[in-house]
Amino acid sequence: MWIHITRRLLGLIPLLLVISWVSFQLVRIAPGGPFDKERKPASPEIERALLAKYHLDDPTWKQYLRFLGVLREPDGKGGTRWSEGGLIKGDLGPSFKYRNHSVNDVLAQGLPVSMTLGLLAFLFALGVGIPTGVYTALRRGEWGDYIGSFFALLAFCIPGFVVGPLLIMAFGMHYRIFPVALWDSPWHAVLPTIALGLYFAGRISRLMREGMTEVLKEGYITTARAKGLSESTVVIKHALRLAILPVVSYCGPLLADLLTGSFVVENLFRIPGIGVFLVNAALGRDYPMVVGLVLVYALMLVLLNLVVDISYSFLDRRVKPG
Amino acid sequence: MSPSARKSESDLGPAFRALLQGFGAVFVVALAIMLTGCVRHEPKADLVLINGTEPESLDPAICTGQPDGRVAAGLFEGLTRLDPVTAAPSPGIAERWEISPDGLRYRFFLRTNALWSTGEPITSEDVVYSWRRVIDPATAADYAGQLYYVKNGEPISTGKIKDLTQLGVRAVHPHLVEVELENPTAFFLELCAFRTLAVVPRQTIEKYGDRWLMAKPLPTSGCYTLESWRVNDKVRLRKNPKHWDAANILNEVVDLVHLESANTALNLFETGQADVIWDKTLIPMELMDVLKHRPSTHFFSYLATYFVRFNVTRPPFNDVRVRQALAMSVDKVRIATHIMQGGEKPASTLVPPGTANYAGPEGLPYDPERARQLLAEAGYPGGKGFPSFHYLFNTAKQHEQVAVELQQMWKKELGIQLELRNTEWKVYLADQSAVNFDLSRSAWVGDYNDANTFLDMFMSNNGNNRTGWKNSRYDELMRKANAMTDLKQRASLLSQAEKILVFDESPILPLFYYAGITFYDPDRIEGIHANLLDEHAIYPIRKKPKTPGVPAGRK
């Protein structure tokens with residue numbers, strides 16, 4: 001088990017290197033540069049100084065090595081030294097767009113907020129999705145199933161940018177129960193959590209219902225029932241364990257998605273997370289920010305998938321790690 | 001129904017209860033996260049201003065955007081500052097000044113009670129350092145051009161002179177700054193109030209580099225200190241009690257909220273979580289029909305023009321008749337009033353009306369008949385044989401509406417077919433600055449109240465020209481005008497230059513003068529005054545005192 005985990009974690013390093021290299025290159029292919037503005041700097045020297053300051057006048061391979069922190073540079077005293085900062089020291093470099101901040105600054109401020117909101121939405125999605133999924137599966141073909149499934153499908157079909165404004169209109173503007181935007185108190189988290197989590201609650205509910213329906217048909221469930229076990233034991237102890245597997249495998253990418261923030265919901269509720277940066281950094285050609293965010297996202301995705309794989313082996317003893 | 005299903009039904013209660021209990025725990029965890037993750041123990045601000053998009057920088061030398069500039073101006077002050085009512089330059093760190101008769105030498109006497117927020121005196125050395133920092137190419141200040149009027153400003157900025165001390169600014173003694181200009185500059189006192197020339201703390205900058213604004217404590221020279229700056233969230237300013245004019249700073253804590261969605265801005269305003277929206281792009285245009293009748297909507301004119309650039313290096317736009325024909329067949333009244341709806345006014349010149357010491361020329365009239373004649377003279381009667389051409393603009397609803405309108409007008413009046421080329425912002429900027437377009441959407445906002453801020457853009461070597469158009473007579477007139485001390489003669493020369501630009505040669509097609517909107521409840525908020533520069537100081541703004549009979553207003 002531990003060997004398996006270590007091997008997977010070591011495998012991360014080349015993967016992240018490849019991802020960073022590809023994103024590093026791709027973002028530079030896009031037309032326009034980070035310092036293009038509606039008005040030109042006063043003189044071409046200023047533009048040159050700007051490019052030199054951020055080393056954009058170097059060849060890309062050199063820029064990349066500097067980004068990694070493994071470039072030998074002249075130290076101004078005739079010798080050479082390793083470039084300052086760099087990925088190996090956990091430094092993602094300066095932001096080109098927000099020139100008083102480093103990418104690490106922005107992540108340090110935004111990531112906890114996005115993660116809080118993402119985790120809340122995740123719990124909301126599970127807390128609503130799993131019970132409704134189980135309920136509708138157990139009530140298959142009855143009214144409870146129709147109603148539950150209808151709402152699950154509805155949640156699944158309406159995107160956040162529709163749910164969000166509706167929630168704001170109803171609970172923010174009309175009834176004034178919850179604040180319409182900003183991120184100051186626990187109350188501020190309620191509407192964005194629902195707006196972000198509802199869609200996933202619908203998906204999880206459907207996955208759960210399908211999983212449960214399948215598992216309830218299995219022979220070992222019939223055996224368990226024949227042994228006279230109570231229905232709660234059958235459902236929770238025996239059926240749920242396997243029925244939840246599709247949900248678990250969906251949870252990895254879902255959580256990575258939610259934790260890194262959502263552009264739509266963060267924009268709508270003006271939440272100071274990093275979801276907005278994912279889009280704006282690309283539009284603004286903020287190269288280090290794009291690469292940094294891509295790396296964070298990739299890291300989360302890979303780590304959470306690892307967690308999913310490990311939890312599989314706990315839930316389903318037939319699955320062996322490695 | 002099968003017997004087993006019946007059994008499950010009768011036995012479901014406990015199963016479900018257990019399941020719900022499990023998920024009850026989930027909600028407890030969620031609540032715990034909410035309580036730990038997003039509680040901020042921050043007292044409410046006295047004033048919440050919705051300021052626009054996230055500032056790219058609050059460094060006065062670096063920042064270029066309007067939201068950035070508003071915050072920077074609250075933190076750092078220059079020798080002069082703009083009067084909150086008239087936007088005319090008034091004493092800032094300098095309490096008075098003397099100007100030599102030839103208009104080339106300024107002597108600024110600094111206040112002896114001008115202090116950094118940390119208590120040290122602000123001296124003439126600080127002013128000299130701040131200006132040298134702006135002009136130093138290594139600082140990479142986009143707006144270094146604001147110091148080109150000072151002696152040797154341009155050669156230093158362009159690298160021809162390496163010695164920064166050659167800049168025409170000198171600390172004579174701790175409270176006297178002497179400035180030498182290249183030419184008499186009518187708007188120089190206004191430039192001194194411009195954020196780029198604000199006074200910044202040398203030690204902090206040298207110690208912390210690019211991240212100096214995060215330093216604690218951060219010495220500021222303006223009305224406020226920077227309490228916190230959270231990216232994509234808000235900037236919190238706190239009154240600087242050491243400021244020389246602290247008695248007239250009418251609020252203690254001000255939040256400047258940064259966001260991008262107009263609907264969110266309006267929601268915050270409507271629910272009382274924000275007091276002022278002062279960025280027009282943050283007022284939903286779809287609701288303008290309703291909003292424009294509200295007392296909270298304040299329209300004002302300011303120095304900004306929306307226009308179209310022709311690429312005069314590409315045929316057929318190298319022919320002035322074609323450019324004029326296109327210009328004269330556009331119904332600008334329709335565009336300004338039907339498409340824009342925010343109080344914009346049709347434009348036939350580049351320099352907006354109301355600009356100080358200036359009366360612009362007549363631009364080209366709306367005359368489709370004459371336009372058709374001109375197009376025929378250029379060899380395209382009825383639009384026959386006119387090559388297909390495109391209009392470059394960045395993705396935004398209003399720009400698209402304007403583009404579609406132009407497309408229809410030219411099709412109808414001239415029988416020519418315009419293709420729309422809609423690109424994202426950075427692609428648009430790259431294409432525009434490389435003059436890689438036939439026609440391009442353009443806009444310009446004046447930095448100071450003088451025609452020069454618009455007209456110098458089209459001098460042959462100006463990086464913002466972006467049309468390929470060069471005219472030696474125009475350059476000559478501009479140079480002459482800017483060396484002139486007599487304001488009347490200067491205005492006449494500038495007007496002659498503008499006539500070449502918008503009438504004789506027409507490398508650009510002005511469409512409308514922008515109008516600004518500030519959104520606040522006049523019964524609750526006071527101290528915001530409309531002005532041509534769309535510059536509003538924060539310090540005189542406050543919530544109206546609740547007790548009736550107390551005189552409102554500052555001082």
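Predicted model: local features only at pLDDT ≥ 70, side-chain atom pairs only at ≥ 80, totals over all residues.

Residues are numbered from 1 along each chain as its sequence is written, chains are lettered from A and ligands numbered from 1 in the order in which they are written, and side-chain values use heavy atoms, with hydrogens and water left out.

Start with helix H16 of chain B, residues 472-482; helices here are DSSP runs of H or I, at least four residues, and strands are E runs of at least two, numbered from the N terminus. Its buried residues are B:Tyr474, B:Asp475, B:Leu477, B:Met478, B:Ala481 and B:Asn482 (buried is under 20% relative accessible area, exposed over 50%, partly exposed in between, with a 1.4 Å probe and protein chains only). Down the axis of H16(B), they fall within an arc of 165°, so they line one face of the helix; the arc is that of the directions from the helix axis to the C-beta atoms. The face turned away from that buried side carries exposed B:Ser472 and B:Arg479.

Next, B:Thr355, in the loop between strand S13 (345-346) and helix H12 (368-377) of chain B. B:Thr355 is buried, at 4% relative accessible area.

Last, helices H4 (residues 103-138) and H13 (residues 287-315) of chain A: their axes come within 11 Å and cross at roughly 40° (axes are lines fitted to C-alpha atoms, for helices over the stretch in contact, and angles run from 0 to 180 degrees between N-to-C directions; contact means heavy atoms within 4.5 Å).
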